[in-house]
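The sequence and structure come first.

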Amino acid sequence: MPRALLALSIGAFGIGTTEFVVMGMLPEVAEGLGVSVPSVGLLISAYAVGVVLGAPTLTALGVRFPPRHTLVGLMALFVVGNVLSAVAPSYETLAAARVLTALAHGSFFGVGAVAARRLVAPERSTSAISLMMVGLTLANVVGVPLGTFVAQQTSWRLVLGAIAVVGLVTIAGLLAWMPRDLGEPGDLRTELAAFRRGRVWLVLGLTMVGFSALFAVYSYVSPILTELSGLPIGWVTPVLALFGIGTTVGTLVGGRLGDRYGSSFVVAGLLATAVVLAAFAVLARTPVAAVVLLVLFGTLAFGLGPVVQNGVIEAARVPGGSLVSAANQGAFNVANALGAALGAGVLSAGLGYTAPIWVGAVLALAGAGLAVVVRAAERRDRLQPPAGVDAVPVGSRAAA
């Protein structure tokens, strides 16, 4: 695989770490700024707002530049945002800096996915995207726990400063390894035209519904493990580490299976997810079974991510596809909010902690149904010539 994919993966690691590490540093940040823990918790929402605003806006602004320039610019914005966060003198300044940092999030993954596809032969496009996204899963396995520990022992400002350094390393890697001629500057009108295609909206809907299953369960995984499975609170962190390892393995394996089976793998994966969640709901009070099924659930769910991301770019059938790719990142955030809200709804209704798991199973089944429709639309599209080719031909200098 080209070394430029390593640079993209390092960038994904930095973005994933800065997004989630605040959750582990809430008490330290609150004490340092003299505000309440719930107030610091709102920084998580502020980051989500930045992602939603930045994904379409910055991607639209960046289509007129080659991917290399756009990615370097986005990572420079990421570095500035983290530096400002590290030195923020007040809560208000930190909130603004977090929004600024988040602006680069969705666009980096959207443009990065298109760039990853162009770095390899077309039949390896999903694997290339998975290698970029594995940085995001490793952030939860390594970056967030390490950042939380450092914040507890030294300072949360040091953690955010270190993340800025990760951004600088990413910029260096992009400048050194990302080919200058990796795609010509795009056209915004062409990018927007992709949204006229029904298949694009089907894939976006699949992302919002199918991946809501993940967040309906994962948002409440700690009380599920302690209240249902009876695990001591001290065991939650090791179990989540196992979950993170499962997501990393799933991302890598899913990339290879996606290259081979495409949307058929998404159908099978979502059906398998529904079965695993049903078993999890039934066996949740058996600790060993609960842990095994939870890790298997994470492996399946994250294995589908690169396949769907590649699928939405292929559905666009236009040169580039950065805008629909970034829109799919927004769809992942909608899935996050939708899944968590549905889980909260059944818990508020007094249905117990098995209820979010059943909600996840139903959402996975609904996602599988959408995946069947997407596969049918994909087969119809194969009978029509595409509007353009967005992968670099095998044997070209960039692919080599």
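## Helix 11

In helix 11 (residues 221-228), the buried residues are Val221, Ile224, Leu225 and Leu228. Buried means under 20% relative accessible area, exposed over 50%, and partly exposed in between, with a 1.4 Å probe and protein chains only. Viewed down the helix axis, the buried residues of helix 11 fall within an arc of 105°, so they line one face of the helix; the arc is that of the directions from the helix axis to the C-beta atoms. Helices are DSSP runs (H or I, at least four residues), numbered from the N terminus.

The buried residues of helix 11 pack against helix 10 (212-218), helix 12, helix 13 (263-283), helix 14 and helix 16 (355-381), where contact means heavy atoms within 4.5 Å. Gly230 follows helix 11 and has a positive phi, near 75°.

## Basis of the model

The model is predicted: local features need pLDDT of at least 70 and side-chain atom pairs count only at pLDDT 80 or more, while totals for chains, interfaces and linings use all residues. Residues are numbered from 1 along each chain as its sequence is written, and side-chain values use heavy atoms, with hydrogens and water left out.

## Helices 12 and 14

The axes of helix 12 (residues 236-261) and helix 14 come within 6 Å and cross at roughly 35°. Axes are lines fitted to C-alpha atoms, for helices over the stretch in contact, and angles run from 0 to 180 degrees between N-to-C directions. The crossing is right-handed, that is, the near helix is turned clockwise from the far one by less than a right angle.

On the helix 12 side the contact includes Gly246, Gly250, Gly254 and Gly258, and on the helix 14 side it includes Gly298, Phe302 and Gly303. By class, this contact has ten nonpolar, nine polar and no charged residues. Ala, Val, Leu, Ile, Met, Phe, Trp, Tyr, Cys and Pro count as nonpolar, Asp, Glu, Lys and Arg as charged, and the others, Gly among them, as polar.

Asn310, in helix 14, is buried at 4% relative accessibility. Gln329, in helix 15 (residues 322-348), is buried at 7%.

Technical notes
Helix = DSSP H or I, 4+ residues; strand = E, 2+ residues; numbered from the N terminus.
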